[in-house]
Amino acid sequence: MSQKVTRRQFLNYSLMGVGSFMAAGIILPMGRFALDPLFQDQAEGSMITTSVKAEEITEEPVKVDFSFDQQDAWYESEVTDFAWVYRDGEEIIALSPVCKHLGCTVTWAGDDANPNRFFCPCHNGMYEKNGQNVPGTPPRGPLDQFEVGTSDGYVTIGERFANEII
Ligand code: FES
């Protein structure tokens with residue numbers, strides 16, 4: 001028994017085939033686009049080399065700039081940040097400049113009355129040199145630390161983490 005395909009069936013099959021092909025052409029790239037960040041290699045744990053020589057670091061905190069590429073979903077940009085870096089014996093310490101009260105930027109010796117403390121000008125927040133928040137001022141926790149190291153004699157900065165000096 002021969003099965004004949006009617007003109008209507010042929011058209012239906014043809015349209016379904018073409019429609020499926022077109023739908024796949026639209027949906028597959030969208031799926032890939034939506035999931036793309038999941039397949040990106042993460043650069044976690046990588047250290048950023050700064051332009052400051054480790055031998056220049058003293059017991060006095062100095063501002064050390066660094067920049068890195070930030071991937072925000074599909075948008076990549078270069079971000080510039082800095083750390084307060086000082087030497088404690090043989091160890092180099094890097095502290096975050098972000099105030100733990102409301103996120104303003106702290107400065108070293110920014111208050112004439114407290115030359116050996118970090119000062120936050122937004123609400124007169126203060127921190128000791130090791131990042132410990134001074135009781136009686138608005139911040140409720142110590143400044144974060146950065147991973148820090150050296151590479152070819154230059155200071156390197158890594159991930160930020162909760163203060164472990166205190
Ligand atoms: S933001 Fe620093 S004291 Fe308020």
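**Notebook: strands and domains**

I began at C120, which stands opposite G125 in β7. Strands here are DSSP runs of E, at least two residues, and helices are H or I runs of at least four, numbered from the N terminus. C120 belongs to β6 (residues 118–120), and three bridges join β6 to β7, the two running antiparallel. I count two strands as paired if DSSP finds at least two bridges between them.

Before going on, a note on the model: it is predicted, with local features needing pLDDT of at least 70 and side-chain atom pairs counting only at pLDDT 80 or more, while totals for chains, interfaces and linings use all residues. Residues are numbered from 1 along each chain as its sequence is written.

Next I looked up the sheet around β6. Three strands make an open sheet, ordered β5-β6-β7, with antiparallel pairing. Its edge strands are β5 (107–108) and β7 (125–127), each pairing on one side only.

Then I went to the hairpin of β8 and β9, which has two residues between the strands. I found D152 in the turn, with a positive phi of about 55°. Six bridges join β8 (residues 145–151) to β9 (residues 154–161), and they run antiparallel. S151 stands opposite Y154 in β9.

I checked the record too: an unreviewed UniProt entry annotates residues 82–157 as "domain: Rieske". Such annotations may be inferred rather than shown by experiment; positions follow the numbering used here and feature names are shortened. That span, 82–157, is 0% helix and 41% strand, and its end C-alpha atoms lie 9 Å apart.

Last, I looked at domains, whose bounds come from an automatic or database assignment. The protein chain gets domain 1 (1–39) and domain 2 (48–161). Taken over C-alpha atoms, the centres of domain 1 and domain 2 are 56 Å apart.
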